[in-house]
Amino acid sequence: MHRPLLERAIDICKHKKIRFTATRQRVFLLMAEQKGAISAYDLLKLLQGHDTNAKPPTIYRALDFLLENHFIHRIESLNAYLMCNHFGSEHPMQLLICDNCHKIIGLTDPVIDDAFSERAKQSGFKITNKVLEAHGVCYNCLYN
Ligand SMILES: [Zn+2]
Ligand SMILES: [Zn+2]
């Protein structure tokens, strides 16, 4: 059911002339099947269901590849990974993480992003890697 997504990713990789190996594709599909974020450890367990030889470096190499090509996001505060809905292109990102049900809402507000960068600049600081993550309670958990 996630084949169309995979096919889009294959097209992007072909276009950029980068190698999208079978293992990377498998990890991509496993990520696409997740409803929310997943840790590298849990992903490795899933991968081992297909390939008993898969080791931690296998999964980390595949995740690095998917990160570099903007197919997934890393959530620093959860030490986990999330499929990117915007797929193959870089974009601003602010994450709202529910600590109760672990739902994650991804905002992509350029105004917040620019304001943050601008204030950093005013402080004489050049941002090279930016992660905005907020923890709290989602609407469902709050009112149900
Ligand atoms: Zn994204
Ligand atoms: Zn929640």
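These exercises work through a predicted model of a protein with zinc sites.

Local features need pLDDT of at least 70, side-chain atom pairs count only at pLDDT 80 or more, and totals for chains, interfaces and linings use all residues. Residues are numbered from 1 along each chain as its sequence is written, chains are lettered from A and ligands numbered from 1 in the order in which they are written, and side-chain values use heavy atoms, without hydrogens and water.

**Exercise 1. The fold**

Task: Find how many helices and strands the protein has, and in what pattern they follow one another.

Solution: 
- Step 1. Count the elements. There are six helices and five strands. Helices (H or I, at least four residues) and strands (E, at least two) are DSSP runs, numbered from the N terminus.
- Step 2. Read along the sequence. The pattern is α-α-α-α-β-β-β-β-α-β-α.
- Step 3. Take the dimensions. Along the principal axes, the C-alpha atoms fill a box of roughly 50 × 40 × 30 Å.
- Step 4. Check burial. Of the 144 residues, 31% are buried. Buried means under 20% relative accessible area, exposed over 50%, and partly exposed in between (1.4 Å probe, protein chains only).

**Exercise 2. The zinc ion (ligand 2)**

Task: Identify the protein donors of the zinc ion (ligand 2), then state the geometry of the site.

Solution: 
- Step 1. List the donors. They are the SG atoms of Cys98, Cys101, Cys138 and Cys141, at 2.2 to 2.4 Å from the ion. Donors are N, O and S atoms within 2.8 Å of the metal (3.2 Å for Na, K and Ca); water is not among the atoms, so sites may look incomplete.
- Step 2. Read the spacing. Along the chain it is C-x2-C-x36-C-x2-C.
- Step 3. Test the angles. The four donor atoms give angles of 105 to 116°, and the site is tetrahedral. For four donors that label requires all angles to lie between 85 and 135 degrees. The ideal tetrahedral angle is 109.5 degrees.
- Step 4. Cys98 is buried at 2% relative accessible area. Cys138 is buried too, at 8%. Cys101 is partly exposed at 39%.

**Exercise 3. The zinc ion (ligand 1)**

Task: Name the protein donors of the zinc ion (ligand 1) and say which parts of the chain His73 and Cys84 tie together.

Solution: 
- Step 1. List the donors. They are His73 (NE2), Cys84 (SG) and His91 (NE2), lying 1.9 to 2.0 Å from the ion.
- Step 2. Read the spacing. It is H-x10-C-x6-H.
- Step 3. Locate the pair. His73 lies in strand β1 (residues 72-75) and Cys84 in the loop between β2 (80-83) and β3 (94-98), so the pair ties together parts that are 11 residues apart in sequence.
- Step 4. Check burial. Both His73 and Cys84 are buried.
- Step 5. The whole structure has zero. The criterion is a pair of cysteine sulfur atoms within 2.5 Å.

**Exercise 4. The salt bridges**

Task: Find how many salt bridges the structure has, and describe each pair.

Solution: 
- Step 1. Count them. The search finds three. A salt bridge is a side-chain nitrogen of Lys or Arg within 4 Å of a carboxyl oxygen of Asp or Glu.
- Step 2. Take Lys45 and Asp42. Their N to O distance is 3.7 Å. Both lie in helix α3 (residues 40-48), three residues apart, about one turn of the helix. Lys45 is partly exposed at 46%, and Asp42 is partly exposed at 33%.
- Step 3. Take Arg74 and Glu76. Their N to O distance is 3.3 Å. Arg74 is partly exposed at 27%, as is Glu76 at 39%.
- Step 4. Take Lys130 and Asp113. Their N to O distance is 3.2 Å. The pair links distant parts of the chain, 17 residues apart: Lys130 in the loop between α5 and β5, Asp113 in helix α5. Lys130 is partly exposed at 28%, whereas Asp113 is buried at 15%.

**Exercise 5. A nonpolar surface patch**

Task: Name the residues of the nonpolar patch and give their accessible area together.

Solution: 
- Step 1. List the members. Val137, Tyr139, Leu142 and Tyr143 form the patch. Patches are made of residues with over 30% relative accessible area and no salt bridge: like charges are joined within 9 Å, nonpolar side chains (Val, Leu, Ile, Met, Phe, Trp, Tyr) within 5 Å.
- Step 2. Give the area. Together they have about 500 Å² of accessible area. Areas come from the Shrake-Rupley method with a 1.4 Å probe; for residues, only the protein chains shown count as cover.

Key:
Four donors count as tetrahedral if all angles lie between 85 and 135 degrees; four count as square planar and six as octahedral if opposite donors are over 155 degrees apart and all others between 65 and 115; anything else is irregular.
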